[in-house]
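Work through the exercises below with the structure in view.

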Amino acid sequence: MRLRTFAILGVTGVLLAAAPLLAHHSFAAEYDAKKPIELKGTITKVDWMNPHVYFYIDVKDDSGKIANWAFEMGPPRLLERGGWKKSTMKEGDEVIVSGTLAKDGGKHGNARSVTLANTGQKLGGASSEGTIP
Amino acid sequence: MRNREIVGLAAVATAALIFSFAAPSFGQEPSQNPGALAAKGKGKGKGKQRPPSRPTPHGPDGHVLLGPLPGEGGVWNGNAGATIATNVGRGLDNNLVNLPTNLKIPDVPFQDWARALYDSRQANNTADDPHVRCKSSGGPRLYHTPYGFEIVDIPELERIYIMGVGGPHTWRVVYMDGRERPKDIDPSFHGYSIGHWEGEKLVVETTNYNQRFWLSREGIPHTEYLKLTETFERPEYDTLRYIATIDDPGAYTKPWSGGWAIPWNPNDEMYEYVCQENNRDARHMYRGEQ
């Protein structure tokens, strides 16, 4: 299945359960709120752990080159309140991630929402964007 | 030493069990300030009216209960978005709670080096916060860490334990047995705390802090000269009035105070959150092009 990088046009739509939540670190120290991102890719790993859940996706660009991206979400407890389960997404699942790019220029971001491609279910990422340090 | 620790833990567990069965003796006296104490600030939350609170709960010994009533849940929310010095605009400048805050940063009596350090921490978006490295958070920093905290008073042991969720499984002990402060104690993250009751108010004095944590999330500095006096009051069931007086001649030209009205969350409880489990944030903190 061909995957493609979506244009970075900004966060669109109302993200269910994506209201800013508090993290154990400053959002602004890690992410650039002026750089929203939306990517479609295939889950390669989910670390359902504190202090923040991380998941990794393989993303294929328009030239066919695959890159692995890391995305941070809130802690498991907050995600579970928002409808997530540890088993909600697993290796091999295709997802669409809306979030914010990391400042360090790496293939890393903070997920504001994740849409499961096979069901269309969209869940908030318990992002801390919008809170002060 | 190992056996002493085990005995100590067993004593805590036993006392907690005894404590939990003491429900019939607990009472709630009428509150002098029932209603929406924390909802009338000028900042965020202005105009919101929450339901009237239950009155201040008391234990069998007459002291204010700083946790849930037996048989109930709940946890102090932790004002994770707040700052210790400047509460203006965040819904906490509530004259009914009468916090000695609403300072502007220039009003904080920093020594020059301390102000420079504070400014540096702010300029870096608090990227160097030890808490992000899963270091334990002492002093006020514990109370505006995300996901809440609980205060467990065990009168039988003459100790109060304060436990926080959003850190490296953090707890501190406050000795309530009237002991003298020992000499030659090594500095630590939570220092050495001795408390007493002044009527409805718990007063805790702590010294012997190390410098390996920030005093607050926004980067308020301190030194090993810090003497911290904290007061905990519960003017109604749903509000904890926390005030920290910072007396640190190593960093400030005179003592100063800050604090919060911390809301009670009846719909949550303590849960396991071990910051060290998979902490990847420290390596991602960005300080500009290096």
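**Exercise 1. The cores**

How many residues has the largest nonpolar core, and which have the most contacts inside it?

Solution. This is a predicted model. Its largest nonpolar core has 42 residues. Those with the most contacts inside this core are F149(B), Y242(B), I246(B) and I262(B). Next, find the elements that supply it: in chain B, β3 (75-76), α2, β5, β8 (201-207), β9 (227-236), β10 (239-247) and β11 (256-265) each give at least two residues. Another core, of 18 residues, lies apart from the largest one, and I57(A), M73(A), V97(A) and L123(A) are among its members.

**Exercise 2. Confidence**

State how far the predictor trusts each chain and the complex.

Solution. Start with chain A: the mean pLDDT is 82, and 78% of its residues reach 70 or more. Over residues 1-20 of chain A the value stays under 50, and the model has 43 contacts beyond four places in sequence for them. Chain B averages 80, with 74% of the residues scoring at least 70. In chain B, residues 1-26 have a pLDDT below 50, and this stretch has 22 contacts beyond near neighbours in sequence. Residues 28-47 of chain B are also below 50, with 57 such contacts. Where pLDDT is low, the predicted coordinates should not be read in detail. For the complex, the ipTM is 0.73 and the pTM is 0.79.

**Exercise 3. Chain B as a whole**

Describe the make-up of chain B.

Solution. Count the elements: two helices and 11 strands. Their order along the sequence is α-β-β-β-α-β-β-β-β-β-β-β-β. Of the 290 residues in chain B, 39% count as buried. Then take contacts in chain B between residues at least 6 apart in sequence: 63% of them join residues at least 24 apart.

**Exercise 4. Strand β6 of chain B**

Solution. On one side of the pairing list is β5(B) (residues 159-164), joined to β6(B) by six bridges in an antiparallel arrangement. Within this pair, R159(B) stands opposite Y175(B). The hairpin has five residues between the strands, and H169(B) takes a positive phi near 60° there. Now sort the side chains of β6(B) (residues 170-175): T170(B), R172(B) and V174(B) point to one face and are buried.

**Exercise 5. Helix α2 of chain B**

Check the span of α2(B) against its residue count.

Solution. The helix covers residues 112-123, which is 12 residues. At 1.5 Å a residue it should span 16 Å, and its end C-alpha atoms are 16 Å apart, so the two agree. Just after the helix, N125(B) takes a positive phi of about 55°.

Key. Residues are numbered from 1 along each chain as its sequence is written. Chains are lettered from A and ligands numbered from 1 in the order in which they are written. A residue is buried if 20 or more other C-beta atoms lie within 10 Å of its own, exposed if 12 or fewer, and partly exposed in between; C-beta atoms are placed from the backbone. Helices (H or I, at least four residues) and strands (E, at least two) are DSSP runs, numbered from the N terminus. Two strands pair if DSSP finds at least two bridges between them. The expected span of a helix is 1.5 Å times one less than its number of residues. A nonpolar core is a set of buried Ala, Val, Leu, Ile, Met, Phe, Trp, Tyr and Cys residues joined through C-beta atoms within 7 Å. pLDDT is the predictor's confidence in each residue, from 0 to 100. Two residues are in contact if their C-beta atoms, placed from the backbone, lie within 7 Å.
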